Amino acid sequence: MKNVLWMGLIVFASCNNKTAEGFTVEGKLTNAKAKMVYLQESPANAAPVIVDSATINADGSFTLKAPGTKESLYGLRAADSPYPFALLINDAKKISVSSNLASNNIDYTVSGSAASDAVRNFDKTTMELAQKIYDKSREADSLMKAKAGDSIVGTIVAQYEVLTAQLKTFTTEAIEKSTSPVFSLYALGGYQRLSQQLGVNGFSTTEVSELLNKSAAKFPNDEALATLKNSQRSAQAPDFSLPDTLGTAVSLSSFKGKYVLVDFWASWCGPCRQENPSIVKAFNQFKDKNFTILGVSLDRAKAPWLKAIKDDGLAWTHVSDLQYWNNAAAKLYNVQSIPFNILVDPQGNIVGENLRGRELEEKLREVLK
């Protein structure tokens, strides 16, 4: 499982303009069956290239060397496996690695390279959180198939939401604290791919742009960061039409000319109900400034949907086809968890996603000047 997931995480590798003098990898392996070990570079959007090989000595030791003229992502691979057992970034002249090849989990240590250790810690932590998220997802699915009550399912969904938020926060902080442009892109690409594998919402287009802008400012000489930053474009929000509480069809495009927050929620969703007071506060604060909200419910029954609208004081337009997770708009936007929202500008472009609490207010202040 470790190796397959790692291959999925190697999405971005970077090379910057800083010239290095080459680097050496000294390693020690236990339970190695192969006689050779390879050091391979993973250039951006290209297949790995072997840059050096070495014999694994009787005591498990080996030494590898590479020119390393630019900072990049490297993998250590035993000859009997197509996947790397360790990932490295050449931010130092000498890197030491030890690994137990009999383990099915991430089991290696690295010293001498802060960026390489950051990769190891990132993979270990995200894999642990991913397993917990997967387990909660299966538990929720089982309860729904057993037709358990909404409150029971809602409790598991809330726990699932906490874990997905932890994964996102951990990745964001790792990128913001990064001392390596290669690691920044590795973490960004890894999180996006892992989110897709788990079926959860990854970084939005807006969030990716913000992270790339911050990273590019921190590492102004990195070519890959600059290229990705310049390639970011605003996305046009796909249109949809759903019945409102009276059964009248309402389309997203009917709000063109205004800023509209498309809010995906449901009466049975605990985190959604907890977030509603913040949404109400934002609505009351900005409703007279060319801003409104379109609530899209993933409910499956009309009565609890209407009751939640009244109880929570949600005084804006609401639509739903009462198809639960098969809601047409939710499927169109690939909504994998709620609460989730997108902010659409008067021209129909998505300018924000998954905005919560103070973050929502700050974004609205920014665009509604």
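Helices (H or I, at least four residues) and strands (E, at least two) are DSSP runs, numbered from the N terminus. The close-up views below show a predicted model.

**View 1. Leu322 in the loop between β14 and α9.** Leu322 belongs to the loop that links β14 (317-319) to α9. The phi angle of Leu322 is positive, at about 55 degrees, although the residue is not a glycine. With a relative accessibility of 25%, Leu322 is classed as partly exposed.

**View 2. Ala328 in helix α9.** Helix α9 spans residues 328-332 and includes Ala328. The relative accessibility of Ala328 is 41%, and the residue therefore counts as partly exposed. Apart from neighbours within four places in sequence, Ala328 is in contact with Leu242 and Asp321. Phe240 lies 88 residues from Ala328 along the chain, yet the C-alpha atoms of the two residues are separated by 8.0 Å.

**View 3. The loop between α9 and β15.** Asn334 is located in the loop between α9 and β15, and Pro339 is placed in the loop between α9 and β15 as well. Asn334 is not a glycine but has a positive phi of about 55 degrees. Its relative accessibility of 48% makes Asn334 partly exposed. The peptide bond leading from Ile338 to Pro339 is cis, and its omega is near 5 degrees.

**View 4. Strand β15 and its covered faces.** Strand β15 comprises residues 340-344 and is mostly covered, with five of its five residues buried. In a regular strand, side chains alternate between the two faces of the sheet. Phe340, Ile342 and Val344 are buried on one side of β15, and Asn341 and Leu343 are buried on the other, so that both faces are covered.

**View 5. The pairing of β15 with β12 and β16.** Five bridges connect β15 with strand β12 (residues 259-265) in the antiparallel sense. Within this part of the view, Phe264 has Phe340 of β15 as its bridge partner. Strand β16 (residues 349-353) also runs antiparallel to β15, and three bridges join the two. Here Val344 is bridged to Ile350 of β16. Four residues separate β15 from β16 in a hairpin, and Gly348 in the turn has a positive phi of about 90 degrees.

**View 6. The packing of helices α3 and α4.** Two packed helices are described by the angle between their axes and the distance between the axes. For helix α3 (residues 150-176) and helix α4 (residues 181-198), the angle is about 165 degrees and the axes are 8 Å apart. An angle over 145 degrees counts as roughly antiparallel, and α3 and α4 are therefore roughly antiparallel to each other. The crossing of α3 with α4 is left-handed. From α3, the contact draws on Tyr160, Leu167, Lys168, Thr171, Ala174 and Ile175; from α4, it involves Phe183, Ser184, Ala187, Leu188, Tyr191, Leu194 and Leu198. Of the residues in the contact of α3 with α4, 10 are nonpolar, two are polar and one is charged.

**View 7. The open sheet of four strands.** The four strands form an open sheet with the order β3-β2-β5-β6 and antiparallel pairing. Its edge strands, β3 (49-55) and β6 (86-89), each pair on one side only. On average, neighbouring strands of this sheet are turned by 25 degrees against each other, direction ignored. Strand β2 (residues 36-41) and strand β5 (residues 73-78) run antiparallel and are joined by five bridges. The bridge partner of Glu41 in β5 is Tyr74.

Conventions:
Residues numbered from 1 in each chain as written. Predicted model: local features only at pLDDT ≥ 70, side-chain atom pairs only at ≥ 80, totals over all residues. Heavy atoms only, no water. Buried < 20%, exposed > 50% of the residue type's maximum accessible area, 1.4 Å probe, protein only. Pairing = 2+ DSSP bridges. Axes fitted to C-alpha atoms, helices over the stretch in contact; angles between N-to-C directions. Parallel < 35°, antiparallel > 145°, perpendicular 65-115°, else oblique. Left-handed = near helix turned anticlockwise from the far one by under 90°. Contact = heavy atoms within 4.5 Å. Nonpolar A, V, L, I, M, F, W, Y, C, P; charged D, E, K, R; others polar.
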